[in-house]
Amino acid sequence: MCNECVKEEYPDRENICLEEGAFFQNFAGCSQCQGQDVLLAENRIREESEEDETITYDHVCKQCFHLIASHVYRFRVEDEFQEYEMSCMLCGTSDDTRSIMPYDPRQQPLFY
């Protein structure tokens with residue numbers, strides 16, 4: 001991974017978790033060839049179990065194939081919630097939790 005190719009390392013993306021694509025606004029340009037072209041997603045691996053899914057891939061310069069960053073996306077179901085996580089030097093870090101119920105029990109008032 002190359003910290004010279006990104007404007008900010010691991011920016012906080014709050015609850016935006018990407019399983020594909022790139023946060024191009026954070027791309028400073030390739031430090032090897034100075035290219036600012038579209039990035040490729042190489043070495044994509046998807047691993048699944050009954051309650052967990054992990055997707056990893058590398059952001060690579062389209063011109064010289066320099067490794068910009070490695071991207072990890074995780075999804076899992078835990079109890080009544082779907083949990084999403086992302087970690088990437090280019091795209092940032094984030095996590096999000098969503099209820100699988102029609103109404104999120106965390107949002108319900110404690111007393112009526």
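This is a predicted model: local features need pLDDT of at least 70, side-chain atom pairs count only at pLDDT 80 or more; totals for chains, interfaces and linings use all residues.
**Strand β2 and its partners**

I then looked up the strands on either end of that bridge. β2 covers residues 52–61, and β3 covers residues 67–78. The two pair in the antiparallel sense, over 9 bridges. They form a hairpin, with 5 residues between them. In that turn I checked Phe 65, which has a positive phi of about 65 degrees.

Next I turned to strand β1, residues 39–48. β1 also runs antiparallel to β2, and 8 bridges join the two. Here, too, I found a hairpin, this one with 3 residues between β1 and β2. For a landmark I picked Leu 39, which stands opposite Cys 61 in β2.

So which cover does β2 have, buried or exposed? I asked for its residues and got a clear count. Of the 10 residues in β2, 8 are buried, so I put the strand down as mostly covered.

**The whole protein**

I counted 5 strands and 0 helices. Read along the sequence, the pattern is β-β-β-β-β. The protein has 112 residues, and buried ones make up 35% of them.

My last entry is surface. The protein exposes about 7,400 Å². Carbon and sulfur atoms supply 45% of that area.

Conventions
Residues are numbered from 1 along each chain as its sequence is written. Side-chain values use heavy atoms; hydrogens and water are left out. Buried means under 20% relative accessible area, exposed over 50%, partly exposed in between (1.4 Å probe, protein chains only). Helices (H or I, at least four residues) and strands (E, at least two) are DSSP runs, numbered from the N terminus. Two strands pair if DSSP finds at least two bridges between them. Accessible areas come from the Shrake-Rupley method with a 1.4 Å probe; for residues, only the protein chains shown count as cover.
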